[in-house]
Amino acid sequence: MLIQNISGYFEHIKNKTYIDRYPSTVINPDELRNGDVMEFGCGFGNDVSFLIENLIVAPNNYFLIESNADCYVETSDRLEKLFFARWNPTQRLDKCFLPCDLSDYSDEIAMFEMRFQQWIHTNLFFGSVLKNNFADNLVDFVYANNFLHCLGYRTIHEEFRVPLMNFSSLDKIIGVVRESYRLLRHHGVFFGRTLSNQVDLGRLVTLENKLEKSEKEEFVIRTTKALQEGELVGISRSELEAYATDVGFTGIYIEIRESEWKPIIDFYFRFEK
């Protein structure tokens, strides 16, 4: 695996969806209907699959940027099967790897493969959010779930193909906020969830001293340590608000939902252009 991350992170989130659990004050999935959506850092494609399977967003209205090769390939494979089932309900595709040898398939499947490859070319970008080739004013929503705080990591793609000079993690966050503004149409919405830079040391000690810990508790401890050591990038509410205001966003809304036991704080944000 080429994914740089906290130990156990992708095992922890691999089958989780997030978009369906957002506070309605930040986003309601139904709000995305009839709109064009861009997702930064799609991971394994859980949320895009949920939105398409539930007919909330059509495939041609969903755009993704992913800089990690493993996530990109897994998302591509997953969406290939999902789109085939939707576009060709009378056919079954048990297994197909990209690129496909079209001679192995029926004409209908070959047509699907060409259509899917075109979708990848126009809607799924492999690379950095800061160096993407999407047009200005392209979408109505930009979605960044658990994306900003991962900007302390560099993927293999970023390391060798997209030199970002000596940008700090906070420089990258500012760049992502600016890029979301560029991609959004007038009245568009940039929304997501990220980590605060605050750590409750008392809660951390209490958690570490527990003799028996659940998998979730172990994961929270690793996440907190990564935040303390700078692997993950925490940001204060006021900093993120300032970045959004500086690039031109209005309608700034942030919602903090503190846990009763976690030493870290997640917060949700919604910025309107």
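Me: Which residue follows H9, and what is its phi?
Reply: This model is predicted: local features need pLDDT of at least 70, side-chain atom pairs count only at pLDDT 80 or more, and totals for chains, interfaces and linings use all residues. Residues are numbered from 1 along each chain as its sequence is written, and side-chain values use heavy atoms, leaving out hydrogens and water. Helices (H or I, at least four residues) and strands (E, at least two) are DSSP runs numbered from the N terminus. After H9 comes Gly248, with a positive phi near 120°.

Me: Within what arc do the buried residues of H9 fall?
Reply: H9 spans residues 237-247, and Leu240, Tyr243, Ala244 and Val247 are buried there (under 20% relative accessible area, 1.4 Å probe, protein chains only). They line one face of the helix because, seen down its axis, their directions (from axis to C-beta atoms) fall within an arc of 95°.

Me: Which strand does E5 run antiparallel to?
Reply: Strands pair if DSSP finds at least two bridges between them. E4 (139-145) and E5 (184-199) run parallel, joined by six bridges; Val139 has Leu184 as its partner. Eight bridges join E5 in antiparallel fashion to residues 264-272, strand E7.

Me: At roughly what angle do the axes of H7 and H8 cross?
Reply: Axes are lines fitted to C-alpha atoms over the stretch in contact (heavy atoms within 4.5 Å), with angles from 0 to 180 degrees between N-to-C directions. The axes of H7 (201-208) and H8 (215-228) come within 10 Å, crossing at roughly 135°.

Methods: Buried < 20%, exposed > 50% of the residue type's maximum accessible area, 1.4 Å probe, protein only.
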